[in-house]
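The chain is shown first.

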Amino acid sequence: MTVAVTGASGQLGRLTIEALLREGAQPVAVVRDASKVADLAERGVEVREASYDDAEALDRAFAGVDRVLLISGNEFGSRVAQHTNVIRAAERAGVNLLAYTSIPNAERNELILAQEHRGTEAALDEASVPVVRLRNSWYWENYLNGVTAAAESGVFYGAAGEGKVAGAARADYAEAAAKVLITPGHEGRTYELGGDLATYAELAQAISEAAGKPVRYQDLPQADYAAALEQNGVPAGYAAVLADADAGIAQGILAVDSGDLRKLLGRETTPAVEVFRTALN
């Protein structure tokens, strides 16, 4: 079985390629710049160049491919059109499964981050090939900048109140995607994927354990948190997105409790403290 992974030079893409290799699959790494995955090519992974904007290149990239994982792009404002290009190319290639990395509860998720996922899922609704939605919740790695700062200052800042977020290691989501891509029976399914549920106060405790020093959680109003992120060098637009995500967490929008990720993995997900400890060490 030949499986194409788009965005394969990114963190999730690379981890998915690695998971597919462990499963004995034949992954095709689809990237904009082949030089960024030269190490994968040296290990025998087939690399094909294509951007989400280039329909002809996508056709070449998907030639002879059985299944495709569309990893959501990072060009905010352009993603629905780009993702639709990939969907159309997968249709032209006649793939037997197209998987997409989305966001939890996409149809009713009001986060800024969710809007282009909703638009992409609308395009998936019209696709002529079988699709599966992998609605990934938060990666524990999303917090690593804050973890480093909190380990130094003793304070973990956020705007999530007492809301809970379902997180897991990025590698957990990659492994789950690989399993969906190489096993039967996933056509038409929507998986709400998330691991352990934690409040930000509990994440502060995990940072404390990983760092070996006391860390407490300091909750801020959404606007103040966005301003604090900007003061620490985060671009204004991205700071607004992060603060908006915390506000959504406060409302429970990322409190995924379906158990789908554990079922796909056949094991427990990676605890936050393990990810934090690895990063700090």
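## Helix packing

Helix H6 (residues 144-153) packs with helix H12 (residues 272-280) at an angle of about 70°, their axes 10 Å apart. H6 is therefore roughly perpendicular to H12 (65 to 115 degrees counts as such). H6 passes H12 in a right-handed crossing.

From H6, Leu144, Val147, Thr148 and Ala151 meet Val275, Phe276, Ala279 and Leu280 of H12 (contact means heavy atoms within 4.5 Å). The residues of this contact divide into seven nonpolar, one polar and no charged.

## Basis

The model is predicted: local features need pLDDT of at least 70, side-chain atom pairs count only at pLDDT 80 or more, and totals for chains, interfaces and linings use all residues. Numbering starts from 1 along each chain as its sequence is written, and side-chain values use heavy atoms, with hydrogens and water left out.

## Aromatic cluster

Trp140, Tyr143, Phe156, Tyr200 and Tyr217 form one aromatic cluster. Rings pair if their centres lie within 6.5 Å; planes under 30 degrees apart are stacked, over 60 edge-to-face, the rest tilted. The count comes to seven aromatic pairs. Phe156 and Tyr217 form a tilted pair, 6.0 Å centre to centre with 50° between the planes. Phe156 lies in strand S8 (residues 155-158) and Tyr217 in strand S12 (residues 216-219), 61 residues apart.

Tyr200 and Tyr217 pair edge-to-face, at 5.5 Å and 80°. Tyr200 is buried at 1% relative accessible area (buried means under 20%).

## A buried glutamate

Glu192 lies in strand S10 (residues 190-193). Glu192 counts as buried because its relative accessibility is 16%. Its contacts include Arg135 and Asp260.

Definitions and conventions:
Axes are lines fitted to C-alpha atoms, for helices over the stretch in contact, and angles run from 0 to 180 degrees between N-to-C directions. Helices (H or I, at least four residues) and strands (E, at least two) are DSSP runs, numbered from the N terminus. Angles under 35 degrees count as roughly parallel, over 145 as roughly antiparallel, 65 to 115 as roughly perpendicular and the rest as oblique. A crossing is left-handed if the near helix is turned anticlockwise from the far one by less than a right angle, and right-handed if clockwise. Ala, Val, Leu, Ile, Met, Phe, Trp, Tyr, Cys and Pro count as nonpolar, Asp, Glu, Lys and Arg as charged, and the others, Gly among them, as polar. Buried means under 20% relative accessible area, exposed over 50%, partly exposed in between (1.4 Å probe, protein chains only). Lists of a residue's contacts leave out its neighbours within four places in sequence.
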